[in-house]
Amino acid sequence: MPKIRFWGAVALIAALAAGCGSNKTDATVAVTGTDTKCDVADTSLSAGTIRFNLKNNGKKTTELYVLGDKDRVIDEVENVSPGMTRALDVDLKAGTYTLACKPGQTGDGIRQRITVTGPGGTTGEGSTKADRTIGVAAQEYAFTFSETPTITKGESIEFELSNNGRERHEFEVIGPDGKAIGEIAGIKPTQKSDSTFTFADAGTYTYRCLLRTDDGRKHDTLGMKGTFDVA
């Protein structure tokens, strides 16, 4: 009887483990970041939900971005402290993407190209069709919109960021729950970039630029931030 109970417990644990590990991930890829490197275990992947496990072996807090064409931010994981491992699940269509580790959470990051092939995936290049476009001009230290961001729950908005200033600027949007829903990565003066954000929930959203001046001050503390409501 003890032997039977033992194997029954093993079967139950295995079933539970399978259930806990079945977050619909099709592949897991280890990403090891340091203050000078971003090592990706596999750069040729099949379409579907890919879990990027970022281990921070550096001395600086880091983050990991999955970037599409023209540095469009597809997804990200932030605030990965030294010694910490965090997972980022992204359901990618076929295409070529860039992984960017950002030690110190600033700059263009340390980059690695990955190739995704085959059927499947729901996000990636051209996966979200925008309902309309809103222009955003960035300069020291404020954002100016082409129109007031009056947005309805469920809308997908393409934000077109133009850097009219002298420093690099980015545009990040934070949802009512405090989590980032999308970002246009930092661009240099005179450059433009765009990304489409879907506003699934009603509430107050925050936009900001978290890049820093040469003397270390965050741009949002100098005025590059604000809010708008999604009805």
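Y207 stands opposite G226 in β17. The model shown here is predicted.

Strand β16, residues 203-208, is joined to β17 by 6 bridges. The two strands run antiparallel. They belong to an open sheet of 4 strands. Its order is β14-β13-β16-β17, and the pairing is antiparallel. Two strands stand at the edges: β14, residues 180-187, and β17, residues 225-230. Each has a single partner strand, so one side of each is left without a neighbour in the sheet. Neighbouring strands of this sheet are turned by 15° against each other on average, direction ignored.

Next, the cysteines. The structure has 1 disulfide. This disulfide joins C38 to C101, with an S to S distance of 2.0 Å. The pair links distant parts of the chain, 63 residues apart. C38 sits in strand β2, residues 38-40. C101 sits in strand β8, residues 95-101. The link of C38 and C101 is right-handed, with 50° about the S-S bond. C38 and C101 are buried. What of C209, buried or exposed? C209 counts as buried, because its relative accessibility is 0%, and the cut-off for buried is under 20%.

Now turn to empty space. Rolling a probe the size of a water molecule over the atoms shows where such space is left. The structure holds 1 cavity of 30 Å³ or more. The largest cavity has a volume of about 40 Å³. Which residues line the largest cavity? They are K102, G107, D108, R111, R168, E170, A185, G186 and L211. By class, this lining has 5 charged, 2 polar and 2 nonpolar residues.

By class, the lining of the second largest pocket divides into 9 charged, 5 polar and 3 nonpolar residues.

Return, finally, to the starting point. Y207 and G226 stand opposite each other, and the bridges between β16 and β17 number 6.

Definitions and conventions:
Residues numbered from 1 in each chain as written. Predicted model: local features only at pLDDT ≥ 70, side-chain atom pairs only at ≥ 80, totals over all residues. Heavy atoms only, no water. Pairing = 2+ DSSP bridges. Axes fitted to C-alpha atoms, helices over the stretch in contact; angles between N-to-C directions. 1 Å grid on protein atoms, 1.4 Å probe; cavity = no way out; pocket = protein on both sides within 12 Å on 5 of 7 lines; lining within 4 Å. Points joined across faces, edges and corners; volume = space filled by probe spheres on them. Nonpolar A, V, L, I, M, F, W, Y, C, P; charged D, E, K, R; others polar. Disulfide = S-S within 2.5 Å. Buried < 20%, exposed > 50% of the residue type's maximum accessible area, 1.4 Å probe, protein only.
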